[in-house]
Amino acid sequence: MSSPSDQTRRTIILTALATAVHASAARSAAAEEDAPGSDLRPQKADVLVFAEGDHAGEVIKPQDLTPGGPFVRAWPKDPKTSVIRKGSRLNEVVVVKLDPAELDDDTRARSADGIVAYSVICSHAGCPITAWGKAAQGDKDVLKCVCHNSEFDPRQSAQVVFGPAPRRLAALPLAAADGSLTVIGTFIGKVGAQQGG
Ligand code: FES
């Protein structure tokens, strides 16, 4: 049987180990966010990767998305440096796969066979878009910001269809290439909230 002082020593060693592991994880997370280019807005030729869930950081393939939604949240990633651009929340997007026949002409032109991407940041006060569901008016599913119940129709350039948001979400043009979703231009429209967020 171990003596009390053995137990104390073991406790001290385990605590020190846990602290070291925690510090190292925090350092590597900070390094990832500080990586050069991580706070640059999405760039042409970036690919989209999952922002959350079991597949976070993995490249999103068109077949990973459910037709008709819901959306997934994504970060752009520089394919040359492998830097994921998660150094700014203004870089995060929602990606949803829709029937191309439902899209208006501008939206269809920016889509990858019906897959569209928009800034996750609501134009009202900067909350993230977190919900997908039936519009308050009509029976279509729409992007929702539940902070103050704004709704955006992803088939029509994410224009505001309900709530206090003053303008549409910024759109990110996409193409499907080599089994991934590729950014083909910078954001169209202002990213962030009306206060400048
Ligand atoms: S922040 Fe989105 S509705 Fe107010």
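Before I start, one definition: a residue is called buried if 20 or more other C-beta atoms lie within 10 Å of its own, exposed if 12 or fewer do, and partly exposed in between, with C-beta atoms placed from the backbone. What you see above is a predicted model, in which local features need pLDDT of at least 70 and side-chain atom pairs count only at pLDDT 80 or more, while totals for chains, interfaces and linings use all residues. Residues are numbered from 1 along each chain as its sequence is written.

Let me begin with backbone angles. Most residues other than glycine have a negative phi, and most peptide bonds are trans. Asp-113, however, has a positive phi near 50 degrees, and with 13 other C-beta atoms within 10 Å it counts as partly exposed. Asp-113 sits in the loop between helix H2 (105–110) and strand S4 (115–119), where helices (H or I, at least four residues) and strands (E, at least two) are DSSP runs numbered from the N terminus.

Asp-178 also has a positive phi, of about 50 degrees, without being a glycine, and with 9 C-beta neighbours inside 10 Å it is exposed. Where does Asp-178 lie? It is found in the loop between S10 and S11, two strands that form a hairpin with two residues between them. Strand S10 (residues 174–177) and strand S11 (residues 180–183) pair in the antiparallel sense over four bridges, pairing being counted if DSSP finds at least two bridges between two strands. Ala-177 has Ser-180 in S11 as its bridge partner.

Finally, the peptide bond from Gly-69 to Pro-70 is cis, with omega near 10 degrees, and Pro-70 lies in the loop between strand S1 (47–50) and strand S2 (72–77).
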